[in-house]
Amino acid sequence: MNNQEKKEKKVINFKSCFDVIGPVMIGPSSSHTAGAISIGIVANKLFQTQPKKVIVKYYESFAETHKGHGTDYAIVSGILGFATDDSRVPNALEIAKEAGIDVEFIEMEGDSPVNHANTACVNLKDGDREIHVTGISVGGGTIEVKYIELDGFVIEPQGTLPILITITEDETVKSRLEAKLKENNIQVNTITRYQNGNKFLFQLDLNSQPSKVLREELLNLDSDSKIILL
Amino acid sequence: MYFSIEEFISEAEKTGKSLSDLMIEQEMKQTQMSFEEVWEIMDYNLKTMEEAVKRSSEGDGVFSPTGLTGGDAVKLKNYRAKKRTLSGDDMLKGVQSALGTNEVNAAMGVICATPTAGASGTLPGVLFTIKDTLELTREQMIRFLFTSGLFGMVVANNAMIAGAMGGCQAEVGSASAMAAASAVEAAGGTPRQSSEAFGMALGNLLGLVCDPVAGLVEIPCVKRNAIGAGNALIAADMALAGIDNKIPADEVVEAMRKVGINLPRELRETGLGGIAGTPEGKAMKQRIFGD
């Protein structure tokens, strides 16, 4: 039986009608431009400050068509924290250069390491600090995050956003986050725990995007822990 | 959440609720937002669409930085003014909005992806022509978009909406089917007729390849949206006439998914095959990007 014929496990990536009617964005491609911005935004959230060096590796359709689709300025827009409809999006490469950020794009040959036509692997660096994130663009500006290297942890999420990550030495943070989500009727699909020395990383896969107010509350829940909502 | 078209059509038939209401209810539940908040976002999306269409038909029109596309919405506007068209003015009004929106997209203007940027002209094409034909209120126009979203989510989660994954049938094909279903609701058709229109529209565009010249969302994307809009209007009219599609809408979505994964890589947004692979298509790529 042809491998492709096998129905893959159904993944619910599109949880809101605004994933298919929206985003409001600056062209030309929702997968290759808006999706690339979203991958950049994930990298920005994980790194938390402006990097000195950006390396983006493109695979398959991204490698073939990134120039035509403006994927380069899009991904850098996300890294700079611009939203999809920000008028600075088309000028992001110049803006990054002026800010002293060195940006490099590499077109990879062969198949995507995570088996998807629209794959970008992003590496942000500043001195010794470094993160890696691999995202795939599944259409209409929606993405999945497949691989993250952060603070000595390597995680391979199932992909579907939103994902709440906390890196902490205090394991009770997880239950406090859970309680806060429950109070607000946000379903947690799975929780994954990683340990590295005395540090823990908890990955909470959420069923829906928290409201703006709740988002702030979650991110500020514990000042000694790193809390990131992708 | 509704995972199939049959689920929400049965729900609408059972409860007497409109499809747009079912979408709004699901959205409120899913995001914990109020009715007003959800409505406001869709209102903003509609405004974005209106502004793009308006911009495309003023002066000489809009042009992309590459010069490959632009100005066609204005050409069509001038042609319509002569009042001697072959497919009728309502149809061409839709085509004008569809072309115009994608011209704005190619020109790096602001658009609303429906479901994608490459297919962003199809829904406005249908919506802005039936707005005049049926004298739709703003509320009905916003509801049109919610209904489109209800169908679109099922396609996106069960098949695909990215050209790189499933070809243009997943983009313009999905958009056309979403628009056809919503047009039926706006015209007073039943939820079942919406689903028939959806199935016909998607079925008509099965196999549509994604082959952007030079990897740009310009040729043939802009004109394909015109066809998506026209196809949606025809499918909606057929459904309103009582014609059914014979094959259930969910099975058409599954067929689209299977066709999509079986399309060769060259025909899935790599910019290598189809129109992109023609001698002129390759020459354009060479002129724009060099080697």
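Start by selecting residues 16-126 of chain A, where UniProt, in an unreviewed entry, places the feature "domain: Serine dehydratase beta chain". UniProt positions are given here in the numbering used in this tour, feature names are shortened, and annotations may be inferred rather than shown by experiment. Over residues 16-126 of chain A, the chain is 40% helix and 23% strand, with the end C-alpha atoms 36 Å apart. Helices (H or I, at least four residues) and strands (E, at least two) are DSSP runs, numbered from the N terminus.

Before you click further, note that this is a predicted model, in which local features need pLDDT of at least 70 and side-chain atom pairs count only at pLDDT 80 or more, while totals for chains, interfaces and linings use all residues. Residues are numbered from 1 along each chain as its sequence is written, chains are lettered from A and ligands numbered from 1 in the order in which they are written, and side-chain values use heavy atoms, with hydrogens and water left out.

**The six-stranded sheet**

Next, colour the strands β3-β2-β4-β5-β6-β7 of chain A, which in that order form an open sheet with mixed pairing. Two strands are said to pair if DSSP finds at least two bridges between them. At the edges you will find β3 (102-107) and β7 (153-155) of chain A, each pairing on one side only. From one strand to the next the twist averages 20°; axes here are lines fitted to C-alpha atoms, for helices over the stretch in contact, and angles run from 0 to 180 degrees between N-to-C directions.

Zoom in on β2 (residues 53-59) and β4 (residues 118-126) of chain A, which run antiparallel and are joined by seven bridges. Which residue is the bridge partner of A:Val54 in β4(A)? Click across and you land on A:Leu124.

Helix α2 (residues 60-69) of chain A touches β2, β3, β4 and β5 (129-139) of chain A, and its direction makes about 115° with that of β2(A). Contact means heavy atoms within 4.5 Å. Helix α3 (residues 71-79) of chain A touches β2, β3 and β4 of chain A, at about 135° to the direction of β2(A).

**The four-stranded sheet**

Move along chain A to the strands β9-β10-β8-β11, an open, antiparallel sheet in that order. Its edge strands are β9 (188-196) and β11 (226-229) of chain A, and the twist averages 10° from one strand to the next. Eight bridges pair β9(A) with β10(A), and A:Arg193 stands opposite A:Phe202 in β10(A). These two strands form a hairpin with two residues between them, and A:Gly197 in the turn has a positive phi of about 65°.

Most residues other than glycine have a negative phi, and most peptide bonds are trans.

**Chain B**

Select residues 15-276 of chain B, listed by UniProt (unreviewed entry) as "domain: Serine dehydratase-like alpha subunit". This stretch of chain B is 63% helix and 1% strand. Where are its cis peptide bonds to be found? One joins B:Thr114 and B:Pro115, with omega about -10°; another joins B:Ile219 and B:Pro220, with omega about 0°. B:Pro220 is in the loop between α10 (191-204) and α11 (221-240) of chain B.

**The largest pocket**

For the last stop, select A:Asp19, A:Pro23, A:Lys45, A:Gln209 and A:Arg215, which lie nearest the centre of the largest pocket among its 48 lining residues. A pocket is an open set of points on a 1 Å grid over the protein atoms alone, where a 1.4 Å probe fits, with protein on both sides within 12 Å along at least five of seven lines; lining residues have an atom within 4 Å of a point. Elements of both chains each supply at least two lining residues, including α1 (30-47) of chain A and α3 (35-56) of chain B.
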